[in-house]
Amino acid sequence: MIQLGCIADDFTGATDLANNLVRSGMRVVQTIGVPVEPLAADVDAVVVALKSRTVAAADAIAQSLAALTWLQAQGAKQIYFKYCSTFDSTAAGNIGPVTEALMVAMGTAFTIATPAFPDNHRTVFKGYLFAGDGLLNEGGMQNHPLTPMTDPNLVRVLQAQCKGRVGLIDYRTVALGEQAIRSRIAQLRDQGVGIAIVDAISNDDLIRLGPALKDMPLVTAGSGVAIGLPMNFGLAPNVSASQLPVTSGLKAVVSGSCSVATNAQVAAFKRAGYPALGLDPLQMANGANVVEQALAWATPLLPKGPVLVYSTDEPAAVKAVQAQLGVEKAGAMVEHCIAAIAQGLVQLGVRQLVVAGGETSGACVQALGISQMQIGPQIDPGVPWCHAHSPLTGAEGLHLTLKSGNFGRESFFSHAFDALA
Ligand code: ADP
């Protein structure tokens, strides 16, 4: 039976929350979508990763309610709806509509909302969200292609998405601690407020907020509030929270990310003398059996240490490929090819797999038939090792880490294996 059940509105946001919960002492599994099967591991919290941030509100609600039902069946005592620390939403939602639908389904009349994540420079003051040193709508989020955020006042933003009333628990109340926050909540409820934005400008604020959320059935927030919740379940930071099964087996890296950091990581891995094979998307398009060739190349090398197979390239080369094949076709083709190589590598005995690229990770996880991942120790900020079961492995499963574009230090591809050892 789990303690905390989390619903995240996107995949990397789910990992971010899971990582914070683990560092605060919870054992956590992240699932890809709403599982059809029961939970496979004994953990304190589960984060269900949805893709509901920018879909139609009705679809986001349906996905979130399905996640709620599954989490409640696993015994979740509290539900945490997780969104982005920049409160990414469209004029229609989906933060407001999903929150209100969860409240109705859970029969609860009050919840909080705060994207504050001071470690990541997201702070809320008098209801206004700051990203770094400026207001939310001054640092680029006003131009976001899918969720432009033009108003930094979260009470106004959320009110526009909600049927019920939205209020504020401001920094003065938060500074006074649990009892003051509880009194303010009672006052807001008397006034008919259903959701309160909460100010938080430091981790201390989030730690003070935590105890006041103890009996609240539903909490909605970015990943920051997670640092103050595990103590409500009698849990404190501990190394066993991030413990994964002992690892053995061969090591490999596959990379389909063309981000600046990944290009530097590929170059560093090659400079350090590890074997690396570059893939040519134009050869793939011409029908060459790139997957078979890559696996034949890797087979004799794998017993000696980690190998890298990559399509990572500089922007000019990527643009040239896209001009010839089309952006979408090039992307899907390369993702499919790298996922097939990851599958082949696991069939060859790879049990420690690094995947670079957000979309590439999605394709690999799908190809490996992975639906649940236990979250382990952090390698670099935002990137933990995970352990998962796959139909391609025996009962031992495999260790994998999914690194999105610009995350990780330059030596990430070799350093990651040291972190697991
Ligand atoms: P990131 O996390 O860095 O954004 P993603 O995997 O999300 O990485 O996205 C990279 C995209 O670029 C994928 O769709 C991938 O298939 C595609 N891609 C990778 N290598 C190449 C290449 N050499 N030419 C064109 N597209 C590529």
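Is Tyr-274 buried, partly exposed or exposed? Tyr-274 is partly exposed, because its relative accessible area is 31%. The close-ups below come from a predicted model.

**View 1. Phe-269 and Tyr-274 form a stacked ring pair.** The ring centres of Phe-269 and Tyr-274 lie 4.5 Å apart. Their planes meet at 20 degrees, so the pair counts as stacked. Phe-269 has a relative accessibility of 2% and is therefore buried.

**View 2. Ring pairs join Phe-269, Tyr-274, Phe-412 and Phe-413 in a cluster.** Phe-412 and Phe-413 are linked through ring pairs into one cluster with Phe-269 and Tyr-274. The structure holds seven aromatic pairs.

**View 3. Tyr-83 and Phe-87 form an edge-to-face pair.** A pair of aromatic rings is described by the distance of the centres and the angle of the planes. For Tyr-83 and Phe-87, the centre-to-centre distance is 5.2 Å. The angle between the planes is 80 degrees. Both residues are buried.

**View 4. Asp-119 sits in the loop between strand 5 and strand 6.** Strand 5 spans 111-114, and strand 6 spans 122-125. Asp-119 has a relative accessible area of 47%, so it is partly exposed. Leaving aside residues up to four places away in sequence, Asp-119 touches Arg-23 and Asn-203. The side chains of Asp-119 and Asn-203 are joined by a polar contact of 3.1 Å.

**View 5. Asp-119 and Gln-343 are 224 residues apart along the chain.** Their C-alpha atoms are separated by 36 Å.

Methods:
Residues numbered from 1 in each chain as written. Predicted model: local features only at pLDDT ≥ 70, side-chain atom pairs only at ≥ 80, totals over all residues. Heavy atoms only, no water. Helix = DSSP H or I, 4+ residues; strand = E, 2+ residues; numbered from the N terminus. Buried < 20%, exposed > 50% of the residue type's maximum accessible area, 1.4 Å probe, protein only. Contact = heavy atoms within 4.5 Å. Polar contact = N/O pair within 3.5 Å; in protein donor to acceptor, adjacent residues only side chain to side chain. Phe/Tyr/Trp six-rings, centres within 6.5 Å; stacked < 30°, edge-to-face > 60°.
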